Amino acid sequence: MNFTGLKKFYSQPWAPAYLAFLTGFFILPYEQGRLHKNGFALFVILFVVVSFKTINWQCLKNSMILLIVLYLFFAAVSIFWSSHFEIALLFKYLALAVSTLVFCITPSYLNRVTNLSSVELLSQIFFVLFPVAVLSTVYSVISFYQLNALNQRLEFFGRLDGPITHSVVNALLILVSIGFLEQVRNWWWRGGIIFGIVLLGIGILLSQSRGPMLALCIALPVQLWLLKMYRSLIIIIILLGASILLFVNNTELMNLMTTRGTSLRPEIWSLIWQSMSGNMWLGHSILPEQRMSLPILGEVHHAHNLMIASFYHLGSLGLMLHLGIIIIWFKSILSLQNNQSKAVAFGVFAFTLIHFQFDGGILLTKPDVLWWGVWLPISWVLMEQNQVQIFKALKGNQ
């Protein structure tokens, strides 16, 4: 990106604030969660006050935006049919719905006021987040294995400290970084990105997170094929084949990856189905007091499947809205004009769809991995839909 583009991007106060929120997932310890959330809450309040008049309300005719709004606010008002209803909780989840929506439309706002192309804007965001994620992974590996054996699952540093949650972000950034490789002409930069990709991949392997590994092993070859990076595709297929042979012929590695079996997911899903009697249409509501309990695991904090979670919390209506978002998200990706953007967006979509069949809870949640794995990719697709003008033309920025 040239100097003019950089100046345009950072002249907008929302741009560094948006990046600060995203980098906060990597650089802030888990204990600083309240600081992270409160900082973004301030961002949302200021953003809504300043930019409210610039919103083009005709954008609600766009099916994706409409479904997102309906899902978020339906989830928030589900408080009403909970046995633990409190007015304070209703306001909390309504505020969270607004925050999620603001997070989704912020890239569209930045795209509108900077006049940067979607690829330029995304590359500017990426080239900040990618090195931060790589450094966070390196720091996590060094600090964790100074105190633990190498066969322990890596616990990452930062807000997304769990083995699975951080691995999801690493996998998403791997997919995006490969999409940007072709436009990086400087060989030193290309080498640095490839080296960073390797480090992020090592972090995923050390986390022993099977869901992100499986999803990445499927999404990455598809994305490489769409990008027409055929040599890279052949190399990846060879590496995947060699890895499978290595695992099959190594009892210790196989035991390491299979000792947790299916992690009682079928049992959790069966329990959810049994609990739906009388709650088929509206679900149990979003309140956290509604939890599943298994004799072996004890309390289960989420359904380990995004679609089933929507069904559990919001019933058939919530599930239909969830499926609607997925279908329109997919159709929106197919409508993108830029082939590079389409390939990367499809790779990320495939990863998200596969991984979150085995992990994740309700889509309306505090800032966590779902904001990265679902809302961030959707926000970038919204920004790239040229026919969707979420914000009116602002004087002096055209």
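We are looking at a predicted model, where local features need pLDDT of at least 70, side-chain atom pairs count only at pLDDT 80 or more, and totals for chains, interfaces and linings use all residues. Residues are numbered from 1 along each chain as its sequence is written, and side-chain values use heavy atoms, leaving out hydrogens and water.

Let's start inside. The largest nonpolar core has 115 residues; such a core is a set of buried Ala, Val, Leu, Ile, Met, Phe, Trp, Tyr and Cys residues joined through side-chain atoms within 4.5 Å, with buried meaning under 20% relative accessible area (1.4 Å probe, protein chains only). Helix H5 (residues 87-114) gives the largest share, 13 residues; helices here are DSSP runs of H or I, at least four residues, numbered from the N terminus.

Which residues have the most contacts inside this core? They are Trp 372 and Trp 375.

Now, the helix pairs. H14 (residues 339-355) and H15 (residues 369-384) pack at about 155 degrees, with axes 10 Å apart. Axes are lines fitted to C-alpha atoms over the stretch in contact, and angles run from 0 to 180 degrees between N-to-C directions. That makes H14 roughly antiparallel to H15, a word used for angles over 145. Their contact includes Ala 345 and Val 348 of H14, and Val 374 and Pro 377 of H15.

Finally, the axes of H6 (residues 118-145) and H7 (residues 163-181) come within 10 Å and cross at roughly 135 degrees. Phe 126 is one of the H6 residues in this contact, and Leu 173 one of those in H7.

Conventions. Buried < 20%, exposed > 50% of the residue type's maximum accessible area, 1.4 Å probe, protein only. Helix = DSSP H or I, 4+ residues; strand = E, 2+ residues; numbered from the N terminus. Parallel < 35°, antiparallel > 145°, perpendicular 65-115°, else oblique. Contact = heavy atoms within 4.5 Å.
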